[in-house]
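Let's take a look at a protein chain together.

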Amino acid sequence: MPKSPATAASTDAPDTVLQVSALLPALESALDEHYRTVRLHELPDRDAWLRAHGHEVAAAVTSARTGVDDALMDALPRLGAIVHFGVGYETTDVVRARARGIDVSNTPDVLTDCVADLAVGALVDVMRRLSAADRYVRAGGWPAAPFPLADRVSGKRVGILGLGRIGRAVARRLEGFGADLAYCTRTPVPGVAHRYLPCAEALAGACDALVVTVAGGPGTRHLVSGAVLDALGPRGYLVNVARGSVVDEAALVAAVTRGRIAGAALDVFADEPHVPRALVESDRVVLLPHIASATHETRAAMGDLALGNLRRFMAEGTLLTPVPDRPAH
């Protein structure tokens, strides 16, 4: 039977699993069923609980959006593993965790297809103006005048910024559109036939659309800068299914409002769930509420993998999918 936060917090048994943030309901139920789980985000006084019981925590389970910050890490002296529900982990300082002997996992692969599907769908939407056309019909504009022409997707030059699992899945899908593909990563990816360009600005300047799939974190903050957007140009489109931090959002707002790029499709933002008013008001921007992995099938698979990581750690002290110290892009 699931334990309430109050009941869990009053128990002094060791080897607690700390749930840091709200998670998939099925995953929360599994945590309650198999482990002594404390839901930190539901405690009336989390700091008091951490002072009294932080030494009991063996593993923390958290969302990619929340992570485990430095202060929380320091409050858990026996912490051995941080298990992320999600592919992202930039909200946790992995190098710092590893220096303390804490291993970190995420849920790669299982969400690759859904994120790639959405990236390509968003590209088609913004270039063919599907969402804008839908609004046009609903607003009664069609009887008065035909909807304006849009841009073709097939055969376009598409740059992929970050050719990891998701970037490669996007590339495979766009091959079906006859796209002329190029990519940018720190170093060329072996075995990839697509054209390699050494920096984001060069990639943007060589394509009609730029799809961002690079990992988030300090190393990629504002990688898509004002200069990159200028290189993309007034006929170019931006699609971001990575992290809001990767794009200089102020520069993007300026580029959209001044017509320096043709449009953007965005699933992520700098200060979620808050979206700049200028982007909301632009009919050339497709706005999505961070839903790239939000399908029943993918979220269930993510939950299963997160639970699998926790089970492996609690039983053997290792993880199924540990993350690298330095994300590739």
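Here is a short tour, from the whole chain down to single residues.

## Before we start

This is a predicted model, where local features need pLDDT of at least 70, side-chain atom pairs count only at pLDDT 80 or more, and totals for chains, interfaces and linings use all residues. Residues are numbered from 1 along each chain as its sequence is written, and side-chain values use heavy atoms, leaving out hydrogens and water.

## The whole chain

The chain holds 13 helices and twelve strands; these are DSSP runs numbered from the N terminus, with at least four residues (H or I) for a helix and at least two (E) for a strand. Its radius of gyration is 22 Å, close to the 20 Å that the globule rule gives for 329 residues, so the chain is as compact as a globular protein of that length. That radius is taken over C-alpha atoms, and the rule is 2.2 Å times the number of residues to the power 0.38. Along its principal axes, the C-alpha trace spans about 70 × 50 × 30 Å.

How much of the chain is buried? Of the 329 residues, 50% count as buried (under 20% relative accessible area, with exposed over 50% and partly exposed in between, using a 1.4 Å probe and protein chains only).

## Helix H6

Helix H6 covers residues 112-128, and its 17 residues should span 24 Å at 1.5 Å a residue; the end C-alpha atoms are 24 Å apart, which agrees. (The expected span is 1.5 Å times one less than the number of residues.) H6 is mostly covered, with twelve of its 17 residues buried, including Val 115, Leu 118 and Met 127.

Ser 63 sits in strand E3, residues 57-63. It is buried, with a relative accessible area of 12%. Skipping neighbours within four places in sequence, Ser 63 is in contact (heavy atoms within 4.5 Å) with Ser 21, Leu 23, His 84, Phe 85 and Thr 91.

Most residues other than glycine have a negative phi, and most peptide bonds are trans. Asp 109 has a positive phi, near 70°; it is in the loop between strand E5 and H6, and is partly exposed at 48% relative accessible area. Just after H6, Arg 129 has a positive phi of about 60°.

His 222 also has a positive phi, about 55°, and lies in the loop between strand E9 and helix H10. Finally, the peptide bond from Glu 272 to Pro 273 is cis, with omega near 5°, and Pro 273 is in the loop between strand E11 and helix H12.
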